[in-house]
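Please keep the sequence and the structure in view while reading.

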Amino acid sequence: MNALPGAVSVRVLRGLRPALAGAVLLDVANAVEQGPDGIATALHHPGGSLAVEIQRALPETRVVKTLNTVGPAELMTAPTSLSMPLSAFLSGDDPAAKAVAADLLGWLGWPAEWIVDLGPLSTAWWPESFVLMVRPLLAAFGPVPFGLAVAR
């Protein structure tokens, strides 16, 4: 699992390329420019995504983007603790790797119907962009746990 700060993820993980070859890597990080308060102000890979950059750096690793729209991190392992269902998004190019990710999410308490497969890794840009809503959400609700949900 990549939970490193997004700004250093590619550099650090590139050094682990041999050890990660063939592995499934869940990327939960967001690569952002931060304001003085530590809150995201812009994406570090505008028009792209951290997950795609990690995949480029680790071509033998099966990268799946997930759980980056949930905060704080403790909520990733307690998704039913909020008053409403959350959504856990999956983006990845390898169907078997996404199945491993979905199985892990289930083990962490995520009901299968809350898991949304967005398609290929190129779709990771969308959930990564959610981090830009954190500032106005904090202004509206204060520092409370929250995540993105799709009502259907």
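This is a predicted model: local features need pLDDT of at least 70, side-chain atom pairs count only at pLDDT 80 or more; totals for chains, interfaces and linings use all residues.

## Salt bridges within the chain

The count of salt bridges in the model comes to seven. One of them joins Asp 27 and Lys 65, whose closest N and O atoms are 2.7 Å apart; this pair links distant parts of the chain, with Asp 27 in strand 1 and Lys 65 in strand 4, 38 residues apart. Lys 65 also forms a salt bridge with Glu 128, here with the closest N and O atoms 3.0 Å apart, and this second pair connects strand 4 to helix 5 across 63 residues.

How accessible are Asp 27 and Lys 65? Asp 27 has a relative accessible area of 0% and is buried, while Lys 65, at 1% relative accessibility, counts as buried because the cut-off is under 20%. Glu 128 is buried as well.

A further salt bridge pairs Asp 117 with Lys 98, the closest N and O atoms being 2.8 Å apart. Asp 117 lies in strand 7 (residues 115–119) and Lys 98 in helix 4 (residues 95–107), so the pair ties together parts that are 19 residues apart in sequence. Asp 117 is partly exposed, at 47% relative accessibility, whereas Lys 98 is buried, with a relative accessible area of 11%.

## A buried threonine in a loop

Thr 66 is located in the loop between strand 4 (62–65) and strand 5 (70–71), and is buried, with a relative accessible area of 0%. The side chain of Thr 66 reaches the backbone oxygen of Phe 89 at 2.8 Å. Beyond its neighbours within four places in sequence, Thr 66 is in contact with several residues, among them Asp 27, Val 28, Ala 88 and Leu 105.

## The buried face of helix 3

In helix 3 (residues 50–57), the buried residues are Leu 50, Ala 51, Ile 54, Gln 55 and Ala 57. Viewed down the axis of helix 3, these residues fall within an arc of 165°, so they line one face of the helix. Their cover includes helix 1, helix 2 (17–20), strand 1 (24–27), strand 4 and helix 5 (125–129).

## A nonpolar patch on the surface

Leu 4, Val 12 and Leu 16 form a nonpolar surface patch, together having about 200 Å² of accessible area.

Notes:
Residues are numbered from 1 along each chain as its sequence is written. Side-chain values use heavy atoms; hydrogens and water are left out. Helices (H or I, at least four residues) and strands (E, at least two) are DSSP runs, numbered from the N terminus. Buried means under 20% relative accessible area, exposed over 50%, partly exposed in between (1.4 Å probe, protein chains only). A polar contact is a pair of N or O atoms within 3.5 Å; within protein, one must be able to donate a hydrogen and the other to accept it, and residues adjacent in sequence count only if both atoms are side-chain atoms. Contact means heavy atoms within 4.5 Å. Patches are made of residues with over 30% relative accessible area and no salt bridge: like charges are joined within 9 Å, nonpolar side chains (Val, Leu, Ile, Met, Phe, Trp, Tyr) within 5 Å. Accessible areas come from the Shrake-Rupley method with a 1.4 Å probe; for residues, only the protein chains shown count as cover. A salt bridge is a side-chain nitrogen of Lys or Arg within 4 Å of a carboxyl oxygen of Asp or Glu. The arc is that of the directions from the helix axis to the C-beta atoms.
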